[in-house]
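Please look at the sequence and the structure before reading on.

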Amino acid sequence: SIMPTLLSGIANGARRGILFKNGAQLEQIGRVRAIAFDKTGTLTTGHLQVVNVLASQPDSPQLLQVAAALESLSEHPIGEAIVQAARQHNIAWTTASNGKAQAGQGITADLEDQSAVVGKADFVRTQVKTISTHWLEQSQQWESEGKTVVWVAQAGELLGLIAVADMVRPAAAQAIARLKQLGVEQVVMLTGDNPRTANSIAEQVGVNQVYAELLPEDKVEVIRKLQQQYQTVAMVGDGINDAPALAQATVGIAMGAAGSDVALETADIVLMGDRLERLEHAIRLGRRAQSIVK
Ligand code: ADP
Ligand code: MG
């Protein structure tokens with residue numbers, strides 16, 4: 001009968017750190033023809049670190065002060081990295097007020113009666129009078145190295161740039177190579193980050209196609225398009241901003257350790273310990289379940 005077969009597949013998965021929430025998803029994952037991966041926290045560890053700083057006034061702590069004041073209002077991994085760097089440099093900051101986090105953009109707030117902003121270039125640029133090409137060139141250079149660049153401004157003046165870097169998960173490249181060997185036709189990356197940074201990471205892990213600067217609803221749209229072409233599409237993600245795409249995907253897969261509560265609740269499958277290399281096994285189990293059930 002069907003039940004014992006699916007149950008044994010589910011039990012087998014659980015022993016290998018793959019939690020299937022129901023039997024239907026076990027069969028579906030065997031049919032997957034395209035897989036979309038979120039970048040930060042999924043293909044990378046998501047433990048960002050500040051790696052470069054370029055300040056308009058190199059001898060002043062103001063850049064990190066303002067950045068930390070605003071980022072301490074954020075739960076984004078970029079914010080955590082910047083706050084940690086400021087602490088490590090024993091930099092104190094005053095509390096910002098009226099903080100507003102804009103998903104996929106950055107943060108605005110008032111700091112000592114002046115408006116301040118941190119975030120991606122396009123977001124910060126709207127509040128800055130002039131930007132020299134020197135800044136843009138440095139930013140592009142860091143991005144091509146796979147780093148994410150945070151722009152910081154206060155009272156209409158650019159204070160500087162902070163580059164944060166993330167580590168590609170050691171298992172990511174091998175995991176993707178195996179998926180392709182299993183016949184998965186398309187492997188893409190979805191990210192809110194900029195295309196230069198995203199392409200650098202994509203090259204390191206063997207992703208075929210990159211969709212960058214996406215808002216959460218844009219990720220859903222890409223999944224829909226993939227479904228039109230490939231029918232059965234899996235999405236692997238960790239963040240709150242991935243939840244709508246995880247729900248849209250034929251099979252939503254959440255990172256068990258890095259995953260936010262919303263991602264874990266929304267997904268059909270949870271990868272315990274964030275072990276991307278287990279995806280191969282999940283597909284094998286799914287294919288086996290299909291062949292037995294038929
Ligand atoms: P991802 O899809 O890679 O998890 P997000 O959608 O969370 O990325 O964010 C997209 C981009 O928005 C980031 O790469 C960054 O440039 C900017 N951003 C978002 N939140 C912040 C923040 N708290 N501080 C600075 N920049 C931010
Ligand atoms: Mg993420």
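Where is the place of Asn52? Asn52 sits in strand E3 (residues 49-55); strands (E, at least two residues) and helices (H or I, at least four) are DSSP runs numbered from the N terminus. The model is predicted: local features need pLDDT of at least 70, side-chain atom pairs count only at pLDDT 80 or more, and totals for chains, interfaces and linings use all residues. Residues are numbered from 1 along each chain as its sequence is written, chains are lettered from A and ligands numbered from 1 in the order in which they are written, and side-chain values use heavy atoms, with hydrogens and water left out.

**Asn52**
- Asn52 is partly exposed, at a relative accessible area of 21% (buried is under 20%, exposed over 50%, partly exposed in between; 1.4 Å probe, protein chains only).
- Between the C-alpha atoms of Asn52 and Pro195 there are 19 Å, and the two residues are 143 residues apart along the chain.

- Distant parts of the chain are linked here: Asp38 belongs to strand E2 (residues 34-38), and Asp238, 200 residues apart from Asp38, to the loop between strand E11 (233-237) and helix H11 (243-248).
- Asp38 is buried, with a relative accessible area of 4%, and Asp238 is buried too, at 12%.

**Ligand 1**
- Of the 18 residues around ligand 1, the nearest are Thr40, Glu71, His76, Gly104 and Gly192 (near means a heavy atom within 4 Å).
- A polar side-chain atom of Thr40 is 2.8 Å from an oxygen atom of ligand 1.
- For Ser74, a polar side-chain atom lies 3.2 Å from a nitrogen atom of ligand 1.
- In Asp193, a side-chain N or O atom is 3.2 Å from an oxygen atom of ligand 1.
- The protein buries 93% of the 550 Å² that ligand 1 exposes when taken alone (Shrake-Rupley method, 1.4 Å probe).

**Helix H8**
- In helix H8 (residues 172-181), the buried residues are Ala172, Ala175, Ile176 and Leu179.
- These residues lie on the same side of H8, because they cover an arc of only 95 degrees around the axis (taken from the directions from the helix axis to the C-beta atoms).
- Gly183 follows H8 and has a positive phi, near 100 degrees.

Notes. Polar contact = N/O pair within 3.5 Å; in protein donor to acceptor, adjacent residues only side chain to side chain.
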